[in-house]
Amino acid sequence: MSRVVELIRIVFILGIAFSSSFLFPPVALSASTGTIVATLVLFAFLLGFFINRALERKQMISRCVSLELLHLRHTYHLCENVQDKNFAKRIIIALTGYQSAVGRSFLSHAKTGESFRKVSHLIYSYKTKSDKDEILFADLLNTVREVALERQQIEQALANKLSGYSWVVMLTNAISAVVLLLVNRFEPQYSPLGCAFLISSILLSLDLLLRTDQLSKSEIKAFETAYRFNIPHRKSQVSKK
């Protein structure tokens, strides 16, 4: 179904480009070849810069999510070995509650702070009962600190989409290029068909930037699933202890 929607989206964009190139009335103006080239070069430069930034943001989210899940599993393993089994059970309940909260809505990651604070509060208030507990407790403190840092990075990356001003700049360049191409499409250097392909490339590039700057539904679903089932098979085991 998603592929059909994508195909319809592409056909719609191509339809706009070709119909505007062939149906837009000719305008009697002097040729603007130099201006068109300069505008397209600037558009290509900005497009590459913003797409690269969007891809780096996605990579940051993916990397931090993987590290957070790893540290949450490590927290579970550490709690398995503490002397106080009641404490371990409470931590696991808090951990699964936090992961379930993120798993319900990954984009609302910033709103799960209260669930995470339950985990950190339990760890900070734990009183060790042996030398082994002292070692495990030190590792727990370090691990929960790492999770807190990763949470902050994820939240910042989720919020750090392209700004409105960036989109204004991109759209201004794109509109300028499209208008110049339409006005000059009957000049000897151009043709309606060639301009239609150029306009299609501009519109498809803007669509690509928009899609790259956002997490897709499949990406969000994958993250949510990873959180929900990060330690699923151990949840029931802990509850039996």
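Visitor: Start with Cys195: is it buried or exposed?
Guide: The relative accessibility of Cys195 is 1%. Buried means under 20% relative accessible area, exposed over 50%, and partly exposed in between, with a 1.4 Å probe and protein chains only. At 1%, Cys195 therefore counts as buried.

Visitor: What kind of model is this?
Guide: Residues are numbered from 1 along each chain as its sequence is written, and side-chain values use heavy atoms, without hydrogens or water. Local features need pLDDT of at least 70 and side-chain atom pairs pLDDT 80 or more, while totals for chains, interfaces and linings use all residues, since the model is predicted.

Visitor: What is the relative accessible area of Cys64?
Guide: Cys64 falls in the buried class. Its relative accessible area is 2%.

Visitor: How many disulfides does the structure hold?
Guide: A disulfide is a covalent bond between the sulfur atoms of two cysteines. Here a disulfide is a pair of cysteine sulfur atoms within 2.5 Å. The number of disulfides in the structure is zero.

Visitor: How far apart are the end C-alpha atoms of helix H1?
Guide: Helices are DSSP runs of H or I with at least four residues, numbered from the N terminus. The expected span is 1.5 Å times one less than the number of residues. H1 covers residues 2–23, so its 22 residues should span 32 Å. In agreement with that, the end C-alpha atoms lie apart by 31 Å.

Visitor: Within what arc do the buried residues of H1 fall?
Guide: In H1, Ile13, Ala17, Ser20 and Ser21 are buried. The arc is taken over directions from the helix axis to the C-beta atoms. Seen down the axis, these buried residues line one face of H1, because they fall within an arc of 110°.

Visitor: Which exposed residues does H1 carry on the face turned away from its buried side?
Guide: Look across H1 from its buried side. The face turned away carries the exposed residues Leu7, Ile8, Phe12 and Leu23.

Visitor: Which helices do the buried residues of H1 pack against?
Guide: Contact means heavy atoms within 4.5 Å. The buried residues of H1 pack against the helices at 164–183 and 192–212, namely H6 and H7.

Visitor: Which helix gives the most to the lining of the largest pocket?
Guide: On a 1 Å grid over the protein atoms alone, a pocket is an open set of points where a 1.4 Å probe fits, with protein on both sides within 12 Å along at least five of seven lines; lining residues have an atom within 4 Å of a point. The lining includes Ser2, Val5, Glu6, Arg9, Lys58 and Leu210. H1, H7 and helix H8 (217–228) each supply at least two residues. With four residues, the helix that gives the most is H1.

Visitor: What is the volume of that largest pocket?
Guide: Grid points are joined across faces, edges and corners, and volume is the space filled by probe spheres set on the points. For the largest pocket, this gives about 390 Å³.

Visitor: Which helices do the buried residues of H4 pack against?
Guide: H4 (residues 113–124) has 12 residues and reaches 16 Å from first C-alpha to last, close to the 16 Å expected. Its buried residues include Phe116, Val119, Leu122 and Ile123. The buried residues of H4 pack against H2 (33–80), H3 (85–104) and H5 (131–159).

Visitor: Which residues does Asp139 contact, leaving aside neighbours within four places in sequence?
Guide: Asp139 is found in H5. It is partly exposed, at 28% relative accessible area. Its C-alpha is 7.8 Å from that of Leu78, 61 residues apart along the chain. Beyond the neighbours within four places, the contacts of Asp139 are His74 and Leu78.

Visitor: And which residues does Ser205 contact, with the neighbours within four places left aside?
Guide: Ser205 lies in H7. At 18% relative accessibility, Ser205 counts as buried. Leaving aside those neighbours, Ser205 is in contact with Phe43 and Leu47.

Visitor: How far apart in space are Thr33 and His109, C-alpha to C-alpha?
Guide: Thr33 lies in H2 and counts as partly exposed at 28% relative accessibility. Not counting residues up to four places away, Thr33 touches Gln189 and Tyr190. His109 is 76 residues from Thr33 in sequence, and their C-alpha separation is 49 Å.
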